[in-house]
Amino acid sequence: MKVAELAEKQEMKIVSGHQGLSRIIEGGYACDLLSDVMGNAVEGQVWITLQTHKNIMAIASLKELAAVILVKGLQPDEDTKKQSDEEGIPILTTQGEAFETAGKIYRLLQEQTG
Amino acid sequence: MTEYSADLHIHTVLSPCGSLDMAPKTIVNKAKEKHLDIIGITDHNHTGHCRVVSEIASQHQLFVLCGAEVTTREDAHCLAFFPSFALLNNFQLLLDKTLRRVTNKPELFGHQVIVNREEEILQEIEPLLISATTLSVDELEAEVHRRGGLFIPAHVNRSAYSLTSQLGFVPPSINADALEISKHITKEQFRCDNPALNKFSLIRSSDAHFPEDIGAVNTRFSIKEPSFEEIRKALHREDGRAVL
């Protein structure tokens with residue numbers, strides 16, 4: 001599943017990093033401790049978090065993540081958006097909380113892989 | 001220039017996790033015993049004990065840097081210090097406004113009391129002081145500097161409640177006056193591990209919650225006299241002032 005497809009199916013808003021919308025989603029990681037994400041997230045995952053600081057894009061880039069999903073209607077900081085555009089890693093936002101967001105994406109990915 | 005010894009991160013009985021023995025007079029006595037010339041009073045998200053400690057300390061040739069250890073919305077701890085009581089009180093209003101309202105349960109977290117120099121309880125603070133404010137790291141930095149304060153991310157080497165743990169690494173672009181490291185690492189080791197942060201002065205402090213921890217480690221300043229402005233200059237390596 002591509003990032004664009006996920007955004008459309010889950011009615012998530014694409015805030016930045018549009019040129020990365022065709023990235024393929026291999027899985028997901030949900031955590032708000034960036035030190036843990038840096039250690040444990042895997043390439044191609046979407047990352048579900050409430051953190052909005054620009055460091056999230058440095059870590060998304062380092063780990064080659066497919067996209068970052070901000071929950072609870074949170075908006076990225078201006079410099080975070082800028083870096084998302086530069087890296088070509090999209091930031092999506094949803095009004096949902098991390099628990100339900102992770103559940104929905106998990107189900108979608110399970111359906112696709114059968 | 002003269003060399004002065006400082007421990008800029010000390011909690012009082014006002015912090016719920018601070019020992020009941022951390023009364024203003026005890027802190028001053030212990031600091032003198034440890035040959036400190038400068039101490040920082042940094043309770044969690046509250047500045048209520050700065051004045052009384054300063055008043056007692058001024059009679060013992062001990063200088064007090066007044067501030068707080070603020071919890072940002074990312075759960076990162078940052079020290080904030082202010083040059084006057086007026087600015088400190090103004091910052092307290094911001095803390096009152098932005099601290100998330102959770103009522104303290106003293107039996108779980110400990111008491112949060114403000115005392116006078118005779119150690120009589122003047123006030124019990126109701127909101128839980130170890131909860132977080134709604135300020136992001138960058139917002140806090142701006143608010144502190146707008147009030148002429150010093151902004152120093154706390155114990156950045158630690159794996160909990162630090163910029164490193166919460167945001168993965170210390171953003172090299174952060175507008176900090178210095179970085180604080182804990183007693184668990186030496187300056188040399190930290191410098192060696194973090195070449196990207198070489199431009200920042202480092203302070204090393206105890207984060208004391210008990211009297212015996214005061215001065216466990218210290219920071220040495222080469223300055224003209226113990227004052228807010230001289231310390232600020234030392235942190236920025238201005239006019240021959242320095243952190244040794």
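The legends below describe close-up views of a predicted model.

View 1. The side chains of A:Lys81 and A:Glu78 meet in a salt bridge, with a distance of 3.2 Å from N to O. Both residues belong to helix H4 (residues 78-87) of chain A, where A:Lys81 and A:Glu78 are three residues apart, or about one turn of the helix. Side chains of opposite charge can pair in this way when their charged atoms come close.

**View 2. The interface of chain A and chain B.** On one side 13 residues of chain A take part, and these are in contact with eleven residues of chain B. The area buried between the two chains is about 990 Å², and carbon and sulfur atoms give 48% of this area. A:Gln51, A:His53 and A:Asn55 supply 45% of the area that chain A buries against chain B, more than any other three residues. Across the interface of chain A and chain B the rule finds zero salt bridges, while six residue pairs are in polar contact between the chains, counting pairs with both residues at pLDDT 80 or more.

**View 3. The five-stranded sheet of chain A.** Five strands of chain A form an open sheet in the order S1-S5-S4-S3-S2, and the pairing is mixed. Strand S1 (13-16) and strand S2 (27-30) of chain A stand at the edges with a single partner strand each, so one side of each is left without a neighbour in the sheet. Neighbouring strands of this sheet are turned against each other by 30° on average, direction ignored. S2(A) and strand S3 (residues 45-49) of chain A run parallel and are joined by four bridges; A:Tyr29 stands opposite A:Trp47 in S3(A).

**View 4. Helices against the sheet of chain A.** H3(A) packs on the sheet, where this helix touches S3, strand S4 (67-70) and strand S5 (91-93) of chain A, and its direction makes about 145° with that of S4(A). Helix H5 (residues 98-113) of chain A lies across S2, S3 and S4 of chain A, running at about 165° to S3(A).

View 5. In chain B, an open sheet of seven strands has the order S7-S4-S3-S2-S1-S10-S11, with mixed pairing. Strand S7 (150-153) and strand S11 (242-243) of chain B are the edge strands, each pairing on one side only. Strand S1 (residues 2-10) and strand S2 (residues 38-44) of chain B run parallel and are joined by three bridges, and the bridge partner of B:Ala6 in S2(B) is B:Ile38. Helix H3 (residues 85-98) of chain B packs on the sheet, touching strand S3 (63-71) and strand S4 (77-82) of chain B, with its direction at about 15° to that of S3(B).

How values were computed
Residues numbered from 1 in each chain as written. Chains lettered and ligands numbered in written order. Predicted model: local features only at pLDDT ≥ 70, side-chain atom pairs only at ≥ 80, totals over all residues. Heavy atoms only, no water. Contact = heavy atoms within 4.5 Å. Buried area = accessible area lost by both parts, 1.4 Å probe. Salt bridge = Lys/Arg side-chain N within 4 Å of Asp/Glu carboxyl O. Polar contact = N/O pair within 3.5 Å; in protein donor to acceptor, adjacent residues only side chain to side chain. Pairing = 2+ DSSP bridges. Helix = DSSP H or I, 4+ residues; strand = E, 2+ residues; numbered from the N terminus. Axes fitted to C-alpha atoms, helices over the stretch in contact; angles between N-to-C directions.
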